[in-house]
Each structure stands twice: as C-alpha cells, then as structure tokens.
Amino acid sequence: MHEYSLAFSIFESLRARLAQPEMLPSRVTRRASRIKKIHLRQGELLVLSHEALKEAWRIITEGTELEGSELEIERVPVRVRCPGCGYEGDAKYLAEEGWHMRVPILSCPRCGARVKIVEGKDLAVVALTVEEEVGAS
Amino acid sequence: MHEIQVGFGDILKKQLELAGENYELLSSRGVRAFNVMGAIGSGKTTVILKLAEELRRRGIRVGAVAGDVAGDDDFRRFREAGIPAVNINTGDDCHLDAHRVHHALEDLPLEDIDVLFIENVGNLVCPADFPLGTEMDIVVISVTEGDDMVRKHPKIFAQTDMVVINKVDLAEVVGVDPQRILADYRKVNPHGRAILTAAKSGHGIEELLSALGF
C-alpha cells in the first residue's frame, strides 16, 4: 500500500515542473488548472493498485490547482536484456493458465539464460491532456 | 482537448539511485548485504539468527537491520544474540526503502561487519518494488503458510534471487507438500535458487550458507 506515497511523488514532480515553465510546453503552463489527465506508464512488474493510486490522487490534489484531474495508467510489458546472447526485447510470460495475472519470466526467450530487466519496474508520467481556453489559438 | 507529450522519467528512479548509493557504500566497506523478505511468521528472524550463529563460528562478523511496522522484538532478538543491529520502525509503511536503510547504515559499525542481513517488513507485496542496495534478495516462506504462496504472490517470486522454504519439518503435520511450492517457484523463476530449511533445528542452514556463497 505505497500508492499514496507514489501519488504524492507524481504530484510533487508535476508541481515542480509547473513552477518552472521552461520545463513544460507553453500550452500546459498557461493555466495549470486546465490539466485534465495525467497519463502514466507502469511497468508490469511493479505492484500497483490503480484504484488506490487514483483515490490517493483525488485526496492529494483536493484544493490544489490539479483538483479534478485524473490519472490514466497504462501497463506496459516488461522488456529484458540477455547478457548471454544479447537479446533485447519483450520478456517471456508464464503461458500456463490459472495464475490470474500476467507473470513475466526473467529468462531469455531466445537462449534461456537469466536476463536483466530493462523496463518493467518503472512508473513514469508520459503525457498530459490539457483543455484549451475557448477562443485561444 | 490536447494531449501533450511530457517526459518526467521514472517516479521510482530516486529509489533506484538511493539503492545504488547504499550498494556502493556497503561494497566500499567490504560488507555483503542480503535483503530478507517474507510473510509475518515465516521464520525470517530465526533463519538469520541461525545463519549468523554459523557464520560467527567461522569467524565472519554479522550485523542486522530489523524492519518492522512497530515494536523492537526482532531487534532485541538480534541484540540478545550479540549481533550489532539497528531497528527501523516504518510506522505503517509496508516495506523498507533505500532511504531508511541508508540511515540504518549510518548507525551501524560497518567496519566491524562482514555480512549484513536486512530483515524487511513481513509482507509479500510491496517490498518487491523497493530495492535496498543489497547483493541478493531472498524470500523466506514457510510450509505453514500453505502450498499456494507462490501462486498468490507471483511477482515477488519472479524477481527474487533465492527462496527459502522454511519449517519443512512441519510439512506433514499441516498437510503441505514443499515440492508443490518448489514446482510453482521453478515456473515463475527458472533461475532462482531454492533451499528447504527447518531453521529452528538448523536443518538446511549449511546448504543455505553455501548457496549464499559462504
């Protein structure tokens, strides 16, 4: 249950960037209250409850310029690199049924050696949906 | 509405960086550290105490970090065994993180420690997401938790370096087949090591030590 602290980290980094307009495209900084959606990418190995993260976001943003904005979270497959044969790409997933969850296997799909995780444990803000002011160019 | 691409990088990157700093600090002092995870009551503390006992017999100096939501029971057990230890109370957080461990390292006499066991908060969900900067991640489970622990928490087992299946001497009493746990673990983690122990009696401790490279 660390969703609250993750939501807070997202909130802080977003606010830090809103305070430094040069770090964001001008359309975003014109009025921060117009951010409607924050698009996140979540590596599939990260244990994360979307429901809890969204609820934490609602609570944290209350009374701030980000109130009313929503998180949109996309799960992205795990990518791996094989130190043995040099393979780099999607991880293999457990094929068997009955696990009720996509379980990545840290084994090289090509040669079977143990692989390193390139992507799959991260949580990143990738895009913002902003509402343009009526009549704005 | 417009969608604007921004790149904030990884929210969890800070954790990775801090873990990297811990790893550097530990390596520079010649300390081998192990992150010991597992459910409440799986026997993490007992496994560590038994490992420490044998390591000290071999002249290897052991230290410990006890991570718990509240209380200092594990910490006191380490201290009573003569192990230099630091207690971390996470205060309702369900996992240790690299930042908290960093402070614990500041309070430990690292120059007098060769091997450091970091006992994580009893939990099989969140600790998997927070690297501490240790050499190896170990999960201790016990047969008394049932034979479906791997199936219930596949993500942590898929990533861990080693699993210790503890209390195997009770397997028959509780009607659990350790081989079934083992088979599930092999499926989600073909490269992880698995060691069967009954830590209280010392069974499997030698084998576990050699799997840890001692």
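**Figure 1. Residues around the second largest cavity of the predicted model.** The lining is formed by Val36(B), Val47(B), Ile48(B), Leu51(B), Phe117(B), Ile138(B), Val164(B) and Leu208(B). Helix α2 of chain B, residues 44-57, supplies the largest share, three residues. By residue class, the lining has eight nonpolar, no polar and no charged residues. The volume of this second largest cavity is about 40 Å³. Across the whole structure, a search finds two cavities of 30 Å³ or more.

**Figure 2. The largest nonpolar core.** This core holds 29 residues. Those with the most contacts inside the core are Leu51(B), Phe78(B), Phe117(B), Met162(B), Leu208(B) and Leu212(B). Several elements of chain B give two or more residues each. The strands are β2 (32-38), β3 (62-68), β5 (115-119), β6 (136-142) and β7 (162-166). The helices are α2, α3 (73-80) and α9 (205-211). The top contributor is α2(B), with six residues. Leu51(B), Phe117(B) and Leu208(B), named here for their contacts, also line the second largest cavity.

**Figure 3. Close-up of Phe78(B).** Phe78(B) is among the residues with the most contacts inside the largest nonpolar core. Leaving aside residues up to four places away in sequence, Phe78(B) touches Thr45(B), Ile48(B), Leu49(B), Ala64(B), Val65(B), Ala66(B), Ile83(B), Ala85(B) and Glu119(B). One of these partners, Ile48(B), also belongs to the lining of the second largest cavity.

Figure 4. In soluble globular proteins, nonpolar side chains tend to be buried together.

How values were computed:
Residues numbered from 1 in each chain as written. Chains lettered and ligands numbered in written order. Predicted model: local features only at pLDDT ≥ 70, side-chain atom pairs only at ≥ 80, totals over all residues. Heavy atoms only, no water. 1 Å grid on protein atoms, 1.4 Å probe; cavity = no way out; pocket = protein on both sides within 12 Å on 5 of 7 lines; lining within 4 Å. Points joined across faces, edges and corners; volume = space filled by probe spheres on them. Helix = DSSP H or I, 4+ residues; strand = E, 2+ residues; numbered from the N terminus. Nonpolar A, V, L, I, M, F, W, Y, C, P; charged D, E, K, R; others polar. Core = buried A, V, L, I, M, F, W, Y, C linked by side-chain atoms within 4.5 Å. Buried < 20%, exposed > 50% of the residue type's maximum accessible area, 1.4 Å probe, protein only. Contact = heavy atoms within 4.5 Å.
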